[in-house]
Amino acid sequence: MSESTDKHKEIAKARGPVNIAIVTASDTRTLETDTNYHYLKPEIEALGHKIVGYRIIKDEPDQVALALDDMVNAGAQIILFNGGTGIAPRDTTYDVLARKIEKPMPGFGELFRMLSYSEVGAAAMLSRATAGTYRKKVVISTPGSPNAVQVAWEKLIKPELEHLAWEVAR
């Protein structure tokens, strides 16, 4: 890691807990069956961060847009969407977020698909995982499979969480 990246991470960590929101886009999940939420919540809290919003929505454009704005208004610094990133007709989360994102972070999707390739092979190209900024918040969208959420969290989001929140707000 570069010296400047290390310094940025130190500054970011010193700023304290990050406010995080989780949005699950699914036509079938409930609070009881939302394995991604039940995985992410203790992971986030174990790091000392706060969940300031959580919602399960249908993968409908109006619900995706409303959830995004609601989570920004709830004070989330980072909003984690899961589900709706494929190419099936019902998958609209990516499309809505791509229109809303002000500064795309193409590296997130590229790295996610690279990591996914080692696990699912060429099917990784079907994922439209994405990230970027919206109203000085970080928005990250992953596929809804529990494995995809875990890979994204462990390999990409968790190591940069404080740094992401600090960079977008400074």
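Residues are numbered from 1 along each chain as its sequence is written, and side-chain values use heavy atoms, with hydrogens and water left out. Because this is a predicted model, local features need pLDDT of at least 70 and side-chain atom pairs count only at pLDDT 80 or more, while totals for chains, interfaces and linings use all residues.

Q: How many salt bridges does a search of the whole structure find?
A: Side chains of opposite charge can pair when their charged atoms come close. A salt bridge is counted where a side-chain nitrogen of Lys or Arg lies within 4 Å of a carboxyl oxygen of Asp or Glu. Searched in this way, the whole structure gives a total of 10 salt bridges.

Q: Asp-27 forms a salt bridge with which residue?
A: The closest N and O atoms of this pair are 2.9 Å apart, and the partner of Asp-27 is Arg-90. The pair links distant parts of the chain, since Asp-27 is in the loop between β1 (19–25) and α2 (35–46), whereas the partner is in the loop between β3 (78–82) and α4 (93–100), 63 residues apart; helices (H or I, at least four residues) and strands (E, at least two) are DSSP runs, numbered from the N terminus. Asp-27 is partly exposed at 38% relative accessible area, where buried means under 20%, exposed over 50% and partly exposed in between, with a 1.4 Å probe and protein chains only.

Q: How many residues apart in helix α2 are Glu-45 and Lys-41?
A: Glu-45 forms a salt bridge with Lys-41, with 3.1 Å between the closest N and O atoms. Glu-45 is partly exposed at 39% relative accessibility, and Lys-41 is partly exposed at 29%. The two are separated by about one helical turn, because their spacing in helix α2 is 4 residues.

Q: What is the distance between the closest N and O atoms of Asp-69 and Lys-100?
A: Lys-100 counts as partly exposed at 26% relative accessibility. Asp-69 and Lys-100 form a salt bridge, the closest N and O atoms being separated by 3.9 Å. Asp-69 lies in helix α3 (residues 61–73) and Lys-100 in helix α4, so the pair ties together parts that are 31 residues apart in sequence. The N and O distance asked for is 3.9 Å.

Q: Is Leu-97 buried or exposed?
A: Leu-97 is found in helix α4. Leaving aside residues up to four places away in sequence, Leu-97 touches Val-64, Leu-68, Phe-81, Val-139 and Ser-141, where contact means heavy atoms within 4.5 Å. With a relative accessible area of 0%, Leu-97 is buried.

Q: At what angle do α2 and α6 pack?
A: Two packed helices are described by the angle between their axes and the distance between the axes. The axes of α2 and helix α6 (residues 146–157) are 9 Å apart, axes being lines fitted to C-alpha atoms, for helices over the stretch in contact, with angles running from 0 to 180 degrees between N-to-C directions. The two helices are therefore roughly parallel, as angles under 35 degrees count as roughly parallel, over 145 as roughly antiparallel, 65 to 115 as roughly perpendicular and the rest as oblique. The packing angle of α2 and α6 is about 20 degrees.
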